[in-house]
Amino acid sequence: MKRIRTILAAVLAVVAFGVVNVATAETLRVGMECTYAPFNFKNADGELMGYDVDVAKGVAGLIGADLEFVCQQWDGMIPALLANKFDLIIASMSITEKRMEKMDFSDTYRISVGRLVGRKDAGWELFDDAGNPIPENFAGLKVGLERATTYSDWFENELPEAEVVLYDSNEALYLDLVNGRTDMIMTNPMKAYLRFLSKEDGGGFEFVSPQIDEKKYFGIGVGIGLRKGNDELKARLNAAIKTLTDDGSLEKYALQYFPFAIH
Amino acid sequence: MSFDMALILDSIPKMLMGIGLTLQLLFLSAALGLALAIILLLMRISGRWYLAAPTMAYIYIFRGTPILVQIFIIYYGLPQLEFVRDSIFWPILREPFGCAILALTLNTAAYVSEILRGGVLGVDRGLKEAGAALGLRAPHRFIYITTPIAIRLALPAYSNDVISLMKSTALASTITLLDMTGIARTIVAETYAPYEIFISLMAIYLILTWMIQRSFGWVEKRMSRHVREEV
């Protein structure tokens with residue numbers, strides 16, 4: 001009996017110690033694609049880099065938490081958050097009403113826009129002078145989009161004339177555009193420029209649309225995603241983002257990858 | 001965890017819109033795969049090394065590598081080669097459907113030709129010798145004695161392969177095709193409800209498997225009806 005009690009006490013001590021440990025050094029698990037350059041990606045040495053990664057580190061530094069990055073494909077990102085595979089999504093995820101039904105977002109740390117990329121000599125007339133799409137000119141064109149993104153929402157609702165092809169990753173978009181399987185793609189213009197248009201493969205391609213930023217689809221910007229009911233954590237995230245915005249850190253992060261600020 | 005029944009009822013008809021594509025992938029690649037498998041089989045048992053050796057290499061490669069990798073090589077890899085994009089096959093390889101059919105056909109043919117070979121090897125030697133004694137020449141012996149028996153012997157294993165081919169069609173969703181799995185993945189990405197959607201999807205696939213099993217069961221029974229008569 002005594003031995004059992006001793007063991008029990010030992011177990012309790014270990015458990016209690018564990019709990020205390022968690023409380024003193026909070027670890028936040030952060031979900032991201034790890035392939036979405038220049039926002040979150042691995043460099044040649046396998047290190048995670050990018051604007052999202054910098055923001056994650058900046059925020060963690062301010063709220064005094066340790067970070068653990070989890071790489072997750074885009075279409076499973078929110079299910080994985082809800083299944084407690086990680087605590088935060090810092091993956092350039094736009095804040096939208098639809099997503100807000102399932103999860104919470106911090107304040108924005110980046111603007112959210114989309115832009116079309118297509119072949120240079122295609123000679124399409126897709127947008128009028130005011131920058132509004134001309135739907136009939138999209139008829140029969142194949143548009144490559146990532147599954148379940150704000151871009152696919154926008155296309156399905158605003159331009160059902162176009163033939164949408166859904167992809168699982170951003171890299172596949174460029175591959176099939178070059179291979180001629182799609183006529184154009186819609187994605188983040190900063191990324192399209194850095195990853196594709198400025199490279200050899202993207203030589204024959206250019207932006208074929210203005211920046212599209214309809215708030216109804218693209219939301220107010222990009223925020224940190226978290227599960228509902230974590231208001232205390234959310235308040236701390238917001239305070240940290242405000243500090244990073246005010247002290248110029250966000251701009252500093254952006255200038256490493258772009259010639260302009262993006263928040 | 002709450003289980004959203006309304007979502008299930010709502011999503012099943014949407015997923016069933018992809019059943020046509022799933023069945024097209026299944027039947028087309030099963031038919032083409034069987035045809036290719038027969039050619040491979042004949043090459044393999046021809047007794048000529050220059051026919052048998054490439055066949056063995058082919059079967060070894062396609063059975064020894066994951067079908068997902070084969071699909072990716074055909075879909076993403078081949079168009080990287082300039083001459084593929086300029087060839088007459090490009091109209092087929094340009095379409096994800098063509099790539100999926102090609103990959104599934106090449107893969108299933110490797111398995112099926114081995115299944116058929118098992119059937120052919122299982123035919124009793126004595127029967128063939130009896131055929132020879134009756135004066136049948138080798139091609140006739142193969143067509144009239146070996147083939148019917150080999151088909152009966154190979155059928156149970158073949159039905160398993162058709163079922164596994166049916167399951168492999170789900171991989172077409174990775175190259176932008178909206179088969180049942182492709183639609184399900186899109187719904188999941190929009191509703192963030194993987195359990196409900198994927199469990200419904202499983203149920204649909206199980207029904208398909210059951211139907212394939214029953215059909216083959218019926219064919220098997222019918223093809224061995226002479227055995228039952230004897231009993």
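The dialogue below sets computed values against the definitions behind them.

Modeller: This is a predicted model, in which local features need pLDDT of at least 70 and side-chain atom pairs count only at pLDDT 80 or more, whereas totals for chains, interfaces and linings use all residues. Residues are numbered from 1 along each chain as its sequence is written, and chains are lettered from A and ligands numbered from 1 in the order in which they are written.

Biologist: How many helices and strands are there in chain B?

Modeller: Chain B has twelve helices and zero strands, where helices (H or I, at least four residues) and strands (E, at least two) are DSSP runs numbered from the N terminus.

Biologist: Which residues of α2(B) are called buried?

Modeller: A residue is buried if 20 or more other C-beta atoms, placed from the backbone, lie within 10 Å of its own, exposed if 12 or fewer, and partly exposed in between. The buried residues of α2(B) include Leu21(B), Leu25(B), Gly33(B) and Arg44(B), and the buried residues of this helix pack against α3, α7, α9 and α10 of chain B. Over the 231 residues of chain B, 32% count as buried.

Biologist: What makes α1(B) and α10(B) a crossing pair, and at what angle do they cross?

Modeller: Their axes come within 9 Å and cross at roughly 145 degrees, the axes being lines fitted to C-alpha atoms, for helices over the stretch in contact, with angles from 0 to 180 degrees between N-to-C directions. Residues are in contact if their C-beta atoms, placed from the backbone, lie within 7 Å, and those making this contact include Leu7(B) and Met15(B) of α1(B) and Ile183(B) and Ile187(B) of α10(B).

Biologist: How many residues does each chain give to the contact between chains A and B?

Modeller: Chain B gives twelve residues and chain A gives 15. On the side of chain B, the largest share, five residues, comes from helix α10, residues 180-191.

Key
Contact = placed C-beta atoms within 7 Å.
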